[in-house]
Amino acid sequence: MTIGFASRAAVSGCVLCAAGLLALAPAAATTGPGVDPGPRTTDAPASLLYRPGTHVRPRAGAPEVPDLSARSWLVADADTGAVLAAHDAHRRLPPASTLKTLFALTVMPALPSGIRHRVDPEELEGIGPGSSLVGVAENRTYRVSDLWNGVFLNSGNDAVHVLAALNGGWRATAERMEEKARALGARDTRVKSPDGYDAPGQVSSAFDLAVFGRTGLRSPEFAEYCARAEASFPARDGGSYPILNTNRLLTGADGVAPYRGLIGVKNGYTSHAGNTLVAAARRDGRTLVATVMNPRSDHGHAVYEEARALLDWGFEAAGRVHPVGSLDALRSAPPGGPEADAVGVSASRGDDTDDRRVWWTVTGAGLLGGAGVAVYLRLRWGPVPKD
């Protein structure tokens, strides 16, 4: 087969273009391995959140990130997914009842809220001692919406058990929750007890919980339940009684000032997990989600006050910091899994040097390749005739 002139010129040009790219490659390589070349919500290095410690990339005039006692925390823009700051975001810790966010994401779509169900005594078996309960009674009929009020407001493990039974059982629900977490790109979560009750091997992370909270806010039904401060719950005798949301940032109970603009999401506590909280708030058209796990402060309401500090900082810092990652989790994990790490990436860097360097690399390669084609043509065919 004979290659014509145009083909030979194109091949030669491609070879010279490749040579140009190789010559300029060291400039592009400084962006570091592990960077997802595909579209992303933020320009931050993909693996930065997998590094231990506190990460923030301030611009000029950015407020100082608060000093918190929590073992892990994160604050992000719920609309774009941009993580504004984080500390040990992928540290695997017991989630307590914040795991109910994943439970709701998994089970709620399968159970229409108007379904009425008579509780079988077997459905209330196996509830852990000391569990928070909303007061579900055996042989009593409830609407699914009543049970979701019990889950979100009272953190009722009894309501979780009944809903899990309707969803195919305890073990099947745990498996489906893990499948849902993987589908969302939340890779730190292991589910052993769907209600969040302490169980060996059950863990999540500030990152994953923020992913669950953000995803839930996109569902009108989930968002309505998690923002509800109070509701009525059916009583054993046929009447009803009021239940109050245990999220004190929402209700202002027990001396905790309510947070202006709070729209949810879920709090939790166990003796092993300590206090945990996923909080979301909306102000001036911007929605933030913050996760706080296991504050080590002796203050009784530290989880709420540290979430308050994170949200306050996030609203002030928005537009004044570069993102350190993204809640679009499927694009933010580094190649090789969570343990992979980027090299030579600064958490505090806030300029556009890397983007400019890549631009000059591409431009230079194109110019060099084009020049190579011109040289080839001149040598092969002589000067190009003028019109």
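1. Two strands pair if DSSP finds at least two bridges between them. Here, strand E7 (residues 230–234) and strand E8 (residues 240–244) run antiparallel and are joined by five bridges. One of the pairings is Pro234 with Ser240 of E8. E7 and E8 make a hairpin with five residues between them, and Gly238 in that turn has a positive phi of about 100 degrees.

2. A word on what you're looking at: this is a predicted model, where local features need pLDDT of at least 70, side-chain atom pairs count only at pLDDT 80 or more, and totals for chains, interfaces and linings use all residues. Residues are numbered from 1 along each chain as its sequence is written, and side-chain values use heavy atoms, with hydrogens and water left out.

3. Now for the helices (helices, H or I, of at least four residues and strands, E, of at least two are DSSP runs, numbered from the N terminus). H4 (residues 157–166) has eight of its 10 residues buried, so it is largely enclosed by the rest of the structure; buried means under 20% relative accessible area (1.4 Å probe, protein chains only). Among the buried ones are Asn157, His161 and Leu163.

4. What covers those buried residues of H4? The cover includes H2, strand E5 (116–118), helix H3 (144–152) and helix H5 (170–183). Contact means heavy atoms within 4.5 Å.

5. Just after H4, have a look at Gly168, which takes a positive phi of about 115 degrees.

Terms used. Buried < 20%, exposed > 50% of the residue type's maximum accessible area, 1.4 Å probe, protein only.
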